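Here's a quick walk through a few spots worth a look in this model. Have the structure open as you read.

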Amino acid sequence: MAEKYSVPRGTFDILPADSYKWQYVKKVFSEVAAQFNFQEIVTPIFEQTDVFERSVGGSSDIVQKEMYRFQDKKGRNFALRPEGTAPVVRSFVENNLGMTGGNTKLFYLGPMFRYDRPQKGRYRQFYQYGIENIGSDNPFIDAEIIAFGYAFLSKLGLKNFELEINSIGCSNCSKDYNQALVEYFTPNLDKMCSDCNERINKNPKRLLDCKVPSCKEIAKDAPNMLEYLDEDCRTHFAQVQEYLNLMNIPFKVNPRIVRGLDYYNKTAFEFLDNNLGAQNALIGGGRYNGLVEQFGGKDTPGIGFAGGFERLLLSMETEGVSFGEEPKPNVFIVAIGEKAKQLTAKLLFDLRTNGIKAEYNPDKESLKAQMKAADKEKTRFTLILGEDEIAKNSIILKEMISGEQQEIPREKLVTFLQDKLR
Ligand code: AMP
């Protein structure tokens, strides 16, 4: 008996019944990227482990617990990418993309890998779409990045999402704020989880977004970041909000958003769909001034976001929005007899290469079996080619919904169908 295999836990196959939905979402994303003038960048799915350890950071779950690490045959340390920003910044520096000055506007699409407990909306291999704008600290750009997310979700027809924004300040504001957090949390640490106990010294802000209920209860009354922003960060955040208001993009300020990765500063934001349950973040993003410098580039500010396709598709299904047209042929050919089958070889090729989606099943012989196959494909037209039509150099076109039939000269078929399908 041959062994039967299944996909690894936390991963899934995208089967034909769903793959067109993925194609649709990718197409819409690429359209919005073009409208906002972002160019695609494709980086490898694995990188030197350091790319993530140094940037995403030692206090993040991603690096501490979730990275798929491996050594190659020469003993070099690599990791399957858990996120897209660090590889993009690595490439930005390596390829001098910022050389010409101005803003470098990039988007990416592809799989990411995190070893986490799988659940609805959380997988070990998942697919992200993301954008980065590297080169400016202007709050106008923060608003533009957020506007991209809003435009994308709206273009898909989604309505039940919410935008929450925050400023987590810069290293200057964080000094006092972190101190205030340590003072607030320290007397409560015995009631908090082991992660929080560990993080208090590395990155006390992370205690604000712990999901453990007892920790949440304590974090509720913690000091508010927004009260600790310095002049520059406060003005920056106010301007981001002003630009969002000018674009009529609704948002809520939520001082609890900290984002799990170490490289973030200033603006942080999330698009949430509260119908999704525990994994409700559709998109997460923020500013990462200083990251380019960490990768050995010259000090260049940056901001971006990433979202997961799986949750997006769940949201779209829950809201019942359209995934575009289901892929199916325009015409199905029914050919009776060997001569007709031979003519069909050429006919099919001509139709297909002239932009008409056409199908034929050479394994079905009888008229009845072929008509049944045509019905199953649910095409708009069936073309019927029998002895009579061969003799007359014509073909019968049947409109499947109305059942109407007409005979068409074969040399006019392509233009006739092109007109009908326009
Ligand atoms: P993050 O980099 O954790 O902020 O994630 C950005 C977005 O990617 C989230 O808002 C989700 O939509 C998606 N995402 C992150 N982790 C997963 C996962 N394990 N499975 C599915 N989607 C994920």
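## The second largest pocket

The second largest pocket holds about 370 Å³ of space. A pocket here is an open set of points on a 1 Å grid over the protein atoms alone, with protein on both sides within 12 Å along at least five of seven lines, and a lining residue has an atom within 4 Å of a point. Volume is the space filled by probe spheres set on the points, which are joined across faces, edges and corners.

Its lining runs to 20 residues, and nearest the centre you'll find Ser174, Lys205, Asp262, Tyr264 and Asn265. Helices (H or I, at least four residues) and strands (E, at least two) are DSSP runs numbered from the N terminus.

## Where the model comes from

This is a predicted model, with local features needing pLDDT of at least 70 and side-chain atom pairs counted only at pLDDT 80 or more, while totals for chains, interfaces and linings use all residues. Residues are numbered from 1 along each chain as its sequence is written, and side-chain values use heavy atoms, leaving out hydrogens and water.

Glu132 sits in strand E6 (residues 125-134). Glu132 is buried but has no salt bridge, and the nearest side chain of opposite charge, Arg259, is 9.7 Å off. Buried means under 20% relative accessible area, exposed over 50%, and partly exposed in between (1.4 Å probe, protein chains only). A salt bridge needs a side-chain nitrogen of Lys or Arg within 4 Å of a carboxyl oxygen of Asp or Glu. What the Glu132 side chain does have is a polar contact with the side chain of Thr85, at 2.8 Å (a pair of N or O atoms within 3.5 Å, one able to donate a hydrogen and the other to accept it; residues adjacent in sequence count only if both atoms are side-chain atoms).

Arg410 is in the loop between strand E16 (405-409) and helix H15 (413-421). Arg410 is also buried without a salt bridge, and Glu411, the nearest side chain of opposite charge, is 7.3 Å away. Beyond four places in sequence, Arg410 touches residues including Leu343, Leu385 and Glu389 (contact means heavy atoms within 4.5 Å).

## Two asparagines with positive phi

Asn96, in the loop between helix H4 (85-94) and strand E5 (104-113), has a positive phi of about 50° despite not being a glycine. Asn96 is partly exposed, at 46% relative accessible area.

Asn248 has a positive phi of about 60°, again without being a glycine. Its loop links helix H9 (231-246) and strand E8 (252-253), and Asn248 counts as exposed at 65% relative accessibility.

Methods:
Lys, Arg positive; Asp, Glu negative; His and termini not counted. 1 Å grid on protein atoms, 1.4 Å probe; cavity = no way out; pocket = protein on both sides within 12 Å on 5 of 7 lines; lining within 4 Å.
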